[in-house]
Amino acid sequence: MKRLNIDHNSIIVRLLFPMLAILLFQTILFSSSILYGGTIEELTNLSVGRFSGQVLTQKNYLQREITQRWSNLSQFEKDIQSEVNKILDKYKIGYEAFLRNPLYTAEFLENTSQHVINALRQSMATGVFIVLMDHNDSEFPGVYIRDLDPSFNPNDNSDILMERGPSAIASNANYSLGKSWLPYFTLDEDEGFYDSFHKPFLAAEKYQNAALYDLGYWSRPYRLGEYDMDAISYSIPLLDKEGHPYGVIGIDLTLDYLRRILNYDELAENKQGAYLLAIGNDENAE
(Lines give C-alpha, C1' and ligand atoms only; values in the text may rest on other atoms or scores of the structure.)
Protein backbone atom coordinates (compact mmCIF):
# COMPACT_ATOMS: atom_id res chain seq x y z
CA MET A 1 0.00 0.00 0.00
CA LYS A 2 1.28 3.41 -0.91
CA ARG A 3 1.88 5.63 2.09
CA LEU A 4 0.05 8.95 2.13
CA ASN A 5 2.45 11.83 2.60
CA ILE A 6 1.07 14.93 4.31
CA ASP A 7 2.90 18.18 4.09
CA HIS A 8 2.41 19.69 7.53
CA ASN A 9 3.68 23.02 6.27
CA SER A 10 1.08 23.31 3.52
CA ILE A 11 -1.52 26.08 3.64
CA ILE A 12 -4.40 23.57 3.78
CA VAL A 13 -3.04 21.88 6.89
CA ARG A 14 -2.29 25.20 8.52
CA LEU A 15 -5.91 26.34 7.94
CA LEU A 16 -7.56 23.03 8.83
CA PHE A 17 -6.92 23.06 12.58
CA PRO A 18 -8.10 26.66 13.16
CA MET A 19 -11.24 25.91 11.13
CA LEU A 20 -11.94 22.77 13.16
CA ALA A 21 -11.42 24.73 16.35
CA ILE A 22 -13.85 27.43 15.20
CA LEU A 23 -16.38 24.81 14.14
CA LEU A 24 -16.10 23.07 17.51
CA PHE A 25 -16.53 26.38 19.33
CA GLN A 26 -19.62 27.25 17.27
CA THR A 27 -21.13 23.82 17.96
CA ILE A 28 -20.60 24.21 21.69
CA LEU A 29 -21.99 27.75 21.59
CA PHE A 30 -25.06 26.70 19.58
CA SER A 31 -25.74 23.70 21.82
CA SER A 32 -25.40 25.81 24.95
CA SER A 33 -27.80 28.36 23.49
CA ILE A 34 -30.39 25.63 22.88
CA LEU A 35 -29.94 23.93 26.25
CA TYR A 36 -29.57 26.96 28.49
CA GLY A 37 -30.94 29.85 26.45
CA GLY A 38 -34.62 28.85 26.66
CA THR A 39 -34.94 27.69 23.06
CA ILE A 40 -36.34 24.27 23.97
CA GLU A 41 -38.79 25.84 26.40
CA GLU A 42 -39.86 28.33 23.76
CA LEU A 43 -40.44 25.56 21.21
CA THR A 44 -42.44 23.63 23.80
CA ASN A 45 -44.53 26.70 24.57
CA LEU A 46 -45.19 27.22 20.88
CA SER A 47 -46.33 23.62 20.54
CA VAL A 48 -48.56 23.85 23.61
CA GLY A 49 -49.92 27.19 22.41
CA ARG A 50 -50.84 25.69 19.04
CA PHE A 51 -52.50 22.73 20.77
CA SER A 52 -54.41 25.02 23.15
CA GLY A 53 -55.50 27.23 20.27
CA GLN A 54 -57.01 24.29 18.40
CA VAL A 55 -58.84 23.10 21.51
CA LEU A 56 -60.15 26.63 22.18
CA THR A 57 -61.35 26.95 18.58
CA GLN A 58 -63.23 23.67 18.88
CA LYS A 59 -64.67 24.72 22.26
CA ASN A 60 -65.93 28.03 20.82
CA TYR A 61 -67.45 26.19 17.86
CA LEU A 62 -69.35 23.82 20.15
CA GLN A 63 -70.59 26.70 22.30
CA ARG A 64 -71.92 28.49 19.21
CA GLU A 65 -73.67 25.35 18.00
CA ILE A 66 -75.18 24.74 21.44
CA THR A 67 -76.54 28.27 21.89
CA GLN A 68 -77.41 29.20 18.30
CA ARG A 69 -78.57 25.87 16.90
CA TRP A 70 -79.02 22.87 19.18
CA SER A 71 -80.70 24.54 22.16
CA ASN A 72 -82.47 27.25 20.16
CA LEU A 73 -85.92 25.68 19.89
CA SER A 74 -87.97 28.86 20.12
CA GLN A 75 -89.31 28.77 16.55
CA PHE A 76 -90.02 25.05 16.75
CA GLU A 77 -91.91 25.56 20.00
CA LYS A 78 -94.00 28.36 18.45
CA ASP A 79 -94.83 26.20 15.42
CA ILE A 80 -95.92 23.29 17.60
CA GLN A 81 -98.03 25.51 19.86
CA SER A 82 -99.69 26.96 16.77
CA GLU A 83 -100.66 23.50 15.49
CA VAL A 84 -102.04 22.54 18.91
CA ASN A 85 -104.16 25.69 19.00
CA LYS A 86 -105.53 24.90 15.53
CA ILE A 87 -106.74 21.51 16.78
CA LEU A 88 -108.24 23.05 19.92
CA ASP A 89 -110.05 25.72 17.91
CA LYS A 90 -111.19 23.32 15.19
CA TYR A 91 -112.89 20.90 17.58
CA LYS A 92 -113.74 23.40 20.34
CA ILE A 93 -111.90 21.37 22.98
CA GLY A 94 -109.38 21.91 25.76
CA TYR A 95 -105.95 20.39 26.34
CA GLU A 96 -107.36 17.55 28.45
CA ALA A 97 -109.71 16.37 25.72
CA PHE A 98 -107.00 16.83 23.10
CA LEU A 99 -104.54 14.57 24.95
CA ARG A 100 -107.12 11.87 25.70
CA ASN A 101 -108.35 11.42 22.13
CA PRO A 102 -105.93 9.54 19.81
CA LEU A 103 -107.70 10.92 16.75
CA TYR A 104 -106.87 14.48 17.77
CA THR A 105 -103.24 13.70 18.61
CA ALA A 106 -102.82 11.73 15.37
CA GLU A 107 -104.11 14.67 13.32
CA PHE A 108 -101.86 17.03 15.25
CA LEU A 109 -98.76 14.88 14.62
CA GLU A 110 -99.62 14.65 10.92
CA ASN A 111 -99.89 18.45 10.73
CA THR A 112 -96.50 18.94 12.39
CA SER A 113 -94.51 16.85 9.88
CA GLN A 114 -93.09 19.82 8.00
CA HIS A 115 -92.31 21.71 11.21
CA VAL A 116 -90.36 18.70 12.48
CA ILE A 117 -88.33 18.54 9.26
CA ASN A 118 -87.69 22.29 9.38
CA ALA A 119 -86.45 22.04 12.96
CA LEU A 120 -84.18 19.13 12.02
CA ARG A 121 -82.64 20.98 9.06
CA GLN A 122 -82.23 24.29 10.88
CA SER A 123 -80.71 22.82 14.03
CA MET A 124 -78.26 20.60 12.11
CA ALA A 125 -78.98 17.95 14.75
CA THR A 126 -79.28 14.21 14.15
CA GLY A 127 -82.79 13.93 15.57
CA VAL A 128 -85.95 15.85 16.54
CA PHE A 129 -88.83 14.65 18.66
CA ILE A 130 -92.24 15.60 20.04
CA VAL A 131 -93.74 13.68 22.97
CA LEU A 132 -97.23 14.37 24.35
CA MET A 133 -98.41 13.49 27.84
CA ASP A 134 -100.31 10.22 28.21
CA HIS A 135 -102.61 10.09 31.24
CA ASN A 136 -102.46 6.30 31.32
CA ASP A 137 -98.64 6.39 31.47
CA SER A 138 -98.37 3.58 28.96
CA GLU A 139 -98.29 4.72 25.33
CA PHE A 140 -97.17 8.31 24.83
CA PRO A 141 -98.12 9.79 21.42
CA GLY A 142 -95.40 11.58 19.51
CA VAL A 143 -92.82 11.45 16.73
CA TYR A 144 -89.07 10.97 16.72
CA ILE A 145 -87.17 11.31 13.45
CA ARG A 146 -83.49 11.08 12.68
CA ASP A 147 -81.03 12.25 10.04
CA LEU A 148 -77.70 10.56 10.70
CA ASP A 149 -75.85 12.88 8.30
CA PRO A 150 -77.10 16.48 8.80
CA SER A 151 -74.73 17.79 6.12
CA PHE A 152 -76.65 15.89 3.40
CA ASN A 153 -80.23 17.06 2.87
CA PRO A 154 -82.06 15.65 -0.18
CA ASN A 155 -85.42 17.17 -1.05
CA ASP A 156 -87.32 13.86 -0.94
CA ASN A 157 -86.68 13.10 2.77
CA SER A 158 -85.04 9.80 1.78
CA ASP A 159 -82.38 10.39 4.45
CA ILE A 160 -84.99 10.50 7.27
CA LEU A 161 -85.60 7.61 9.67
CA MET A 162 -88.67 7.50 11.90
CA GLU A 163 -87.87 5.94 15.27
CA ARG A 164 -91.20 6.70 16.94
CA GLY A 165 -94.56 7.77 15.52
CA PRO A 166 -97.53 6.59 13.45
CA SER A 167 -96.53 4.63 10.36
CA ALA A 168 -99.02 6.65 8.28
CA ILE A 169 -96.91 9.76 8.84
CA ALA A 170 -93.79 7.91 7.68
CA SER A 171 -95.60 6.73 4.56
CA ASN A 172 -97.01 10.16 3.68
CA ALA A 173 -93.74 12.00 4.32
CA ASN A 174 -91.50 9.35 2.68
CA TYR A 175 -89.67 8.42 5.89
CA SER A 176 -88.04 5.05 6.38
CA LEU A 177 -88.77 3.20 9.61
CA GLY A 178 -85.85 2.63 11.98
CA LYS A 179 -84.87 -0.83 13.24
CA SER A 180 -86.27 -0.02 16.68
CA TRP A 181 -89.41 1.73 15.39
CA LEU A 182 -92.53 1.88 17.53
CA PRO A 183 -95.77 3.81 16.84
CA TYR A 184 -95.54 5.48 20.27
CA PHE A 185 -93.20 6.16 23.21
CA THR A 186 -93.27 3.82 26.21
CA LEU A 187 -91.02 5.87 28.57
CA ASP A 188 -90.33 3.19 31.14
CA GLU A 189 -88.04 4.29 33.96
CA ASP A 190 -85.35 1.84 32.88
CA GLU A 191 -85.25 3.33 29.38
CA GLY A 192 -82.52 5.84 28.61
CA PHE A 193 -84.93 8.32 27.00
CA TYR A 194 -87.06 8.48 30.16
CA ASP A 195 -85.24 11.51 31.63
CA SER A 196 -85.40 13.43 28.34
CA PHE A 197 -89.16 13.59 28.81
CA HIS A 198 -89.64 13.59 32.57
CA LYS A 199 -86.85 15.98 33.65
CA PRO A 200 -88.11 19.07 31.75
CA PHE A 201 -91.74 18.03 32.36
CA LEU A 202 -91.29 17.84 36.13
CA ALA A 203 -89.18 21.03 36.15
CA ALA A 204 -92.06 22.88 34.44
CA GLU A 205 -94.48 21.63 37.10
CA LYS A 206 -92.16 22.68 39.92
CA TYR A 207 -91.06 26.07 38.54
CA GLN A 208 -94.14 27.42 36.83
CA ASN A 209 -92.85 30.98 36.56
CA ALA A 210 -89.47 30.05 35.09
CA ALA A 211 -88.48 31.08 31.58
CA LEU A 212 -88.79 28.28 29.05
CA TYR A 213 -85.05 28.09 28.33
CA ASP A 214 -84.39 27.66 32.07
CA LEU A 215 -86.39 24.44 31.96
CA GLY A 216 -84.25 22.85 29.23
CA TYR A 217 -82.49 19.56 29.93
CA TRP A 218 -79.34 18.04 28.40
CA SER A 219 -79.46 14.28 28.86
CA ARG A 220 -76.84 11.63 29.40
CA PRO A 221 -76.21 9.17 26.55
CA TYR A 222 -79.09 6.77 25.89
CA ARG A 223 -80.43 4.32 23.34
CA LEU A 224 -84.02 4.21 22.13
CA GLY A 225 -83.85 0.48 21.46
CA GLU A 226 -81.62 -2.56 21.23
CA TYR A 227 -80.44 -1.74 17.71
CA ASP A 228 -80.20 2.01 18.22
CA MET A 229 -77.04 4.08 18.58
CA ASP A 230 -75.97 6.15 21.59
CA ALA A 231 -77.17 9.76 21.61
CA ILE A 232 -77.69 12.73 23.90
CA SER A 233 -80.66 15.08 23.74
CA TYR A 234 -81.81 18.57 24.64
CA SER A 235 -85.49 18.96 25.48
CA ILE A 236 -87.88 21.65 26.73
CA PRO A 237 -91.50 21.37 27.93
CA LEU A 238 -94.61 22.33 26.00
CA LEU A 239 -96.84 24.55 28.16
CA ASP A 240 -100.54 25.29 27.93
CA LYS A 241 -102.01 28.76 28.43
CA GLU A 242 -101.93 28.35 32.22
CA GLY A 243 -98.28 27.32 32.17
CA HIS A 244 -98.89 23.61 32.82
CA PRO A 245 -96.79 21.11 30.82
CA TYR A 246 -98.51 18.76 28.40
CA GLY A 247 -95.49 17.43 26.47
CA VAL A 248 -91.89 18.05 25.43
CA ILE A 249 -89.95 18.78 22.26
CA GLY A 250 -86.26 18.38 21.64
CA ILE A 251 -83.29 17.44 19.48
CA ASP A 252 -80.72 14.70 19.71
CA LEU A 253 -77.05 14.34 18.77
CA THR A 254 -75.64 10.88 18.23
CA LEU A 255 -72.26 10.23 19.80
CA ASP A 256 -70.95 9.16 16.41
CA TYR A 257 -71.86 12.60 15.01
CA LEU A 258 -70.12 14.31 17.95
CA ARG A 259 -66.99 12.23 17.30
CA ARG A 260 -66.97 13.46 13.71
CA ILE A 261 -67.29 17.06 14.86
CA LEU A 262 -64.49 16.65 17.44
CA ASN A 263 -61.88 15.63 14.88
CA TYR A 264 -58.90 14.62 17.02
CA ASP A 265 -56.64 14.03 13.97
CA GLU A 266 -55.94 17.77 13.89
CA LEU A 267 -54.46 17.81 17.40
CA ALA A 268 -51.35 15.70 16.88
CA GLU A 269 -49.67 13.48 14.35
CA ASN A 270 -50.37 9.74 14.20
CA LYS A 271 -53.69 10.25 16.04
CA GLN A 272 -51.93 10.81 19.36
CA GLY A 273 -54.34 13.55 20.52
CA ALA A 274 -57.89 13.35 21.87
CA TYR A 275 -60.81 15.55 22.94
CA LEU A 276 -62.73 14.99 26.16
CA LEU A 277 -66.40 15.98 26.30
CA ALA A 278 -67.45 15.44 29.91
CA ILE A 279 -70.67 15.61 31.91
CA GLY A 280 -70.73 17.41 35.26
CA ASN A 281 -71.98 15.41 38.22
CA ASP A 282 -73.84 17.89 40.41
CA GLU A 283 -75.93 16.02 42.93
CA ASN A 284 -77.91 19.19 43.73
CA ALA A 285 -78.96 19.76 40.11
CA GLU A 286 -82.61 19.16 39.29
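**Buried and partly exposed salt bridges, and a helix pair**

At 5% relative accessibility, Glu 163 counts as buried in this predicted model. The side chain of Glu 163 meets that of Arg 146 in a salt bridge, with an N to O distance of 3.8 Å, and because Glu 163 lies in strand 3 and Arg 146 in strand 2, the pair ties together parts that are 17 residues apart in sequence. Arg 146 is likewise buried, with a relative accessible area of 0%. Both residues belong to a network of salt bridges that also links Asp 228 and Asp 252.

The whole structure holds 11 salt bridges, and another of them joins the side chains of Arg 121 and Asp 147 at 3.0 Å, N to O. This pair links distant parts of the chain, since Arg 121 is in helix 6 whereas Asp 147 is in the loop between strand 2 and strand 3, 26 residues apart. Arg 121 counts as buried at 18% relative accessibility, and Asp 147 counts as buried at 3%. By contrast, Asp 256, which forms a salt bridge with Arg 260 (3.5 Å, N to O), is partly exposed at 40%, and Arg 260 is partly exposed at 42%; these two residues are 4 residues apart in helix 9 and therefore separated by about one helical turn.

Helix 6 also approaches helix 3, their axes coming within 10 Å and crossing at roughly 175 degrees, so that the two helices are roughly antiparallel to each other. In this contact, Phe 76, Asp 79, Ile 80 and Glu 83 of helix 3 meet His 115, Val 116 and Ala 119 of helix 6, and the contact residues divide into 4 nonpolar, 1 polar and 2 charged.

Terms used:
Residues numbered from 1 in each chain as written. Predicted model: local features only at pLDDT ≥ 70, side-chain atom pairs only at ≥ 80, totals over all residues. Heavy atoms only, no water. Axes fitted to C-alpha atoms, helices over the stretch in contact; angles between N-to-C directions. Parallel < 35°, antiparallel > 145°, perpendicular 65-115°, else oblique. Contact = heavy atoms within 4.5 Å. Nonpolar A, V, L, I, M, F, W, Y, C, P; charged D, E, K, R; others polar. Salt bridge = Lys/Arg side-chain N within 4 Å of Asp/Glu carboxyl O. Buried < 20%, exposed > 50% of the residue type's maximum accessible area, 1.4 Å probe, protein only.
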